[in-house]
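Please look at the sequence and the model shown here. The paragraphs after it go through some parts one at a time.

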Amino acid sequence: MKGPLSDCMEPSITSAFIPTSLDNPVTEIQDFDRVVQFYWPRLLRFILASVRDRDIAQTLTQDCFLKAYRGRKGFRGDSTLNTWLMRIAINTVRKHLRNRRMQFWRQVQHSAVPPAVIGAWLPDRRISPERSALVQEQVHAVWTATELLSERQRTVFLLRFMEDMNIREIVAATSLSESAVNVHLFRAVRAVRKRLGRNNE
Amino acid sequence: MSNHLSQDQLSMWILGRSTSEELRHGRECPECRAELARFETPVSSFRSVMQEWSDQENAPRTEELSALLRRPQATLNSSWRWVAVGAVALLLIGIPTYRRGIDTAVSLPPVINDTTDAKADALLMDAVNAHLSRTIPAPMEPIMALIPAPEDITRQGGTK
């Protein structure tokens, strides 16, 4: 259920691996080491983009796999392994953010990722300095724009545009209704567009 | 009035929820196409950069992972935490109530004992009075029983 954007945006490098990986998720989860190797980057980047702290993202990703390992017997294969793990990640992030809100005195994030650093993680080091600067600026703009979204809007936005998940998968991962996902996505896109438009002016 | 896509229509286009007419317009109109690219290009760069970065971040190795998975759960899970909180709350409420109960129990017995003691005292006093009001010593009472009382003598017509 991909929109026109998927046609014009670059194809996701991960989407090519998903079909071979998710042929039989129930048997796949038995090889937990392989599951971790395959899904670690995906959960890590989602969590990092959600909590914006590198050390916390590493810890929470580890927690997610611990939870998944302990709860692997409960995984019946009703959803894909990707969706199931993403649901664990979403709940872990939500719990962390709720706890952080309670710790109102804790203001300093020790390893918070500054937006400028994100831009330095460029996909292709051989690009020209001009192009590099442009990409850094673009990445910085999206990173900042997503920071301003509400937790739910950011979650659905990241799942859709960073993880390339379709609406049905997002519904399964977030436990929201389809209409709620559509509303959050619409608001998120509108807010990010507004922010990006402001940056371009 | 502009024939271009509105801001909301552009957002709907990005989400793939446009009508076929809007879809065609978004593909053909250079201005709307440029407007859409303002979103698509940075988001695409963001996704590529994040994927590139996360692919370089190594997942724990097998031995690290095994040690990690064998590690006992350090913290209580949320349900047990709630049970613990409930137990503490019960103790906090229960202990003062229990102590108040004991205090009441301690203060009540003297009232009951007072009544009991008063009755016992009254009985004892009766016994003491009865003992003191005897006209003859107690060992002589069986002998006195053989002697008719003055009333009995009068009823029988007296003695000479």
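Where is the place of A:Asp164 in chain A? A:Asp164 sits in the loop between helix 9 (151-161) and helix 10 (167-174) of chain A. Helices (H or I, at least four residues) and strands (E, at least two) are DSSP runs, numbered from the N terminus. This is a predicted model, in which local features need pLDDT of at least 70 and side-chain atom pairs count only at pLDDT 80 or more, while totals for chains, interfaces and linings use all residues. Residues are numbered from 1 along each chain as its sequence is written, and chains are lettered from A and ligands numbered from 1 in the order in which they are written.

A:Asp164 has a positive phi of about 60° although it is not a glycine. A residue is buried if 20 or more other C-beta atoms, placed from the backbone, lie within 10 Å of its own, exposed if 12 or fewer, and partly exposed in between. A:Asp164 has 19 such neighbours inside 10 Å, so it counts as partly exposed. A:Arg52, in the loop between helix 4 and helix 5 (54-70) of chain A, also has a positive phi of about 60° without being a glycine.

Chain B has eight helices and zero strands. Buried residues make up 14% of its 160 residues.
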